[in-house]
Amino acid sequence: MSTITESVDVHVPVSRAYNQWTQFESFPNFMDGVENVRQLDDTHTHWVTKVGGATREFDATITEQHPDERVAWRSINGPTHAGVITFHRLDDATTRVTAQMDIDPEGFVEEAADKLGIIDRKVKGDMKRFKEFIEERGAETGGWRGDIDPPGTI
């Protein structure tokens, strides 16, 4: 299992960065290898990815979500991965977005990509493209501001 952490400062208010990140169906606009994300309900998404010629489909569940603070998830099936995106207000117009992901590469190609640092560079590129996407748009494509508490909390 590999852990990847990457941060980017985006020049938009924290609510705009957070709102855009909750628009999972827009991920193909800035995530390399993500072909499609479909939101099934408030806590479940279906992903189609294509990396190194291999297409993978899997479902993920959002395990925690708090507006303007964090979104956490884990895969339910397919490639094993989990992560959290956090949003830190630096000032009224700047937000630090940090991705921390645990990924268990599946198969020879993914294991080789992980060992060569390709997955780290891919996440870094995705974060840079998110920055460009939200800053160039000037507005988020939507937003979901519901709260999801982690399992086992009431």
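The model is a predicted one.

The protein chain contains three helices and seven strands. Read from the N terminus, these elements follow the order β-α-β-β-β-β-β-β-α-α. Of the 154 residues in the chain, 43% count as buried.

In soluble globular proteins, nonpolar side chains tend to be buried together. Here the largest nonpolar core has 32 residues, and the members that touch the most others are Val10, Trp21, Phe27, Trp47, Phe87 and Val97. Several elements supply at least two core residues each, including strand 1 (2-10), helix 1 (14-21), strand 6 (80-91) and strand 7 (94-104). Helix 3 gives the largest share, five residues.

The whole structure holds 10 aromatic pairs. In one of them, Trp47 and Phe58 are stacked, with 5.7 Å from centre to centre and 10° between the planes. Because Trp47 belongs to strand 3 (residues 44-51) and Phe58 to strand 4 (residues 54-66), this pair ties together parts that are 11 residues apart in sequence. Both residues are buried. Ring pairs also link Trp47 and Phe58 into a cluster with Trp21, Phe24, Phe27, Phe30, Phe130 and Phe133.

Side chains of opposite charge can pair when their charged atoms come close. Eight salt bridges are found in the whole structure. One joins Asp68 to Arg145, whose closest N and O atoms are 2.8 Å apart. Asp68 lies in the loop between strand 4 and strand 5 and Arg145 in the segment after helix 3, so this bridge ties together parts that are 77 residues apart in sequence. Asp68, at 22% relative accessibility, counts as partly exposed, and Arg145 is partly exposed at 39%. Another bridge joins Arg89 to Asp92, with 2.2 Å between the closest N and O atoms; both of these residues are exposed.

Within helix 3, Lys131 and Glu135 stand four residues apart, about one turn of the helix, and they form a salt bridge. Finally, a network of salt bridges links Lys122, Asp126 and Arg129.

Key. Residues are numbered from 1 along each chain as its sequence is written. This is a predicted model: local features need pLDDT of at least 70, side-chain atom pairs count only at pLDDT 80 or more; totals for chains, interfaces and linings use all residues. Side-chain values use heavy atoms; hydrogens and water are left out. Rings of Phe, Tyr and Trp (its six-membered ring) pair if their centres lie within 6.5 Å; planes under 30 degrees apart count as stacked, over 60 as edge-to-face and the rest as tilted. Buried means under 20% relative accessible area, exposed over 50%, partly exposed in between (1.4 Å probe, protein chains only). A nonpolar core is a set of buried Ala, Val, Leu, Ile, Met, Phe, Trp, Tyr and Cys residues joined through side-chain atoms within 4.5 Å. A salt bridge is a side-chain nitrogen of Lys or Arg within 4 Å of a carboxyl oxygen of Asp or Glu.
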